Amino acid sequence: MRITFLGTGDAGGVPLYGCDCSACTRARAVADFRRRPCTALVEAGDTRILLDAGLTDLTERFPPGSLSAIVLTHFHPDHVQGLFHLRWGIGPSIPVFAPPDTEGCADLYKNHGLLEFRRLSKFEPVMIGNLVLTPLPLNHSKATFGYAIEETDGQRFAYLTDTAGLPPPTEAFLKKWRPASFALDCSYPPQSDLPRNHNDLTLALAIAETLAPARVWLTHVSHELDAWLLKNIGNLPPHMAVAYDSQVVSDAGFVQQC
């Protein structure tokens, strides 16, 4: 199994429009530090699954027939905006698996084009090619799923964004399932008040400790967290790393830049 973090930013991205903080200034000067909408690609053999569709250039990145499916965590615009252009394409339909959200986003359900929406249910696995995905409910303002992803040879990876902490049933599932590594929402540096909708670093560290010894990749990162990390990167535990756009993680945990 191979995971590519195509985008690792929160809704505002990095650099944030109009901001001159240290992280945004760095990202404007060096493209490698930019963060686009949170999106990932999971590959196993001939199976290629796009996790979320926040990138607006999906039609350029993925030729017709190159994706086995798109799997959505939820229907907030920064996670589905790439679908609005993709849907008007020509060719075979693209399965789009999603949580049971009756509203969706704007008119995607009504005018779906070549997108074939399929509703998922919590803790009910679905097999897509060489991968089995189990939807895991998360704590967010819209119906949101994380995913426990298992390859047929037993490799396990979990994708957990957007969330503030984990619901007890999801935490219990993951403790028993024991992923080798997982991507985790961490939008903010440590906060004085309990955050809503997204983890701060304090919540992320607590989740990582609960699911140890798994390798943790922080994603859905804001400019605020990036600015904090410029001064505090050495404070992260050794099994935790901050993901960056275009980073690739293989089944052995090896990281490379694509």
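Author: Residues are numbered from 1 along each chain as its sequence is written, and side-chain values use heavy atoms, without hydrogens or water. Because the model is predicted, local features need pLDDT of at least 70 and side-chain atom pairs count only at pLDDT 80 or more, while totals for chains, interfaces and linings use all residues.

Reader: Why is R178 called exposed?

Author: Exposed means over 50% relative accessible area, buried under 20%, and partly exposed in between (1.4 Å probe, protein chains only). R178 has 53%, so R178 is exposed.

Reader: What makes a set of residues a nonpolar core?

Author: Its members are buried Ala, Val, Leu, Ile, Met, Phe, Trp, Tyr and Cys residues joined through side-chain atoms within 4.5 Å. The largest such core has 27 residues, and L51, V71, I128, L131, L133 and I149 are those with the most contacts inside it. Another core, of 25 residues, lies apart from it and includes L136, W177, L184 and C186.

Reader: Which residues does L51 touch?

Author: Contact means heavy atoms within 4.5 Å. Leaving out residues up to four places away in sequence, L51 touches T39, A40, V42, V71, I149 and Y159.

Reader: How do you know that β7 and β8 pair?

Author: Strands (E, at least two residues) are DSSP runs numbered from the N terminus, as are helices (H or I, at least four). Two strands pair if DSSP finds at least two bridges between them. Three bridges join β7 to β8, so the two antiparallel strands pair. V126 has L133 of β8 as its bridge partner.

Reader: Why are β7 and β13 said to stand at the edges?

Author: The open sheet has seven strands in the order β7-β8-β9-β10-β11-β12-β13, with mixed pairing. β7 and β13 (240–242) each have a single partner strand, so one side of each is without a neighbour in the sheet.

Reader: Where are the cis peptide bonds from T161 to D162 and from A212 to P213?

Author: D162 lies in the loop between β10 and α5 (168–177), and P213 is in the loop between α6 and β12. Omega is near 10 degrees for the bond from T161 to D162 and near 10 degrees for the bond from A212 to P213.
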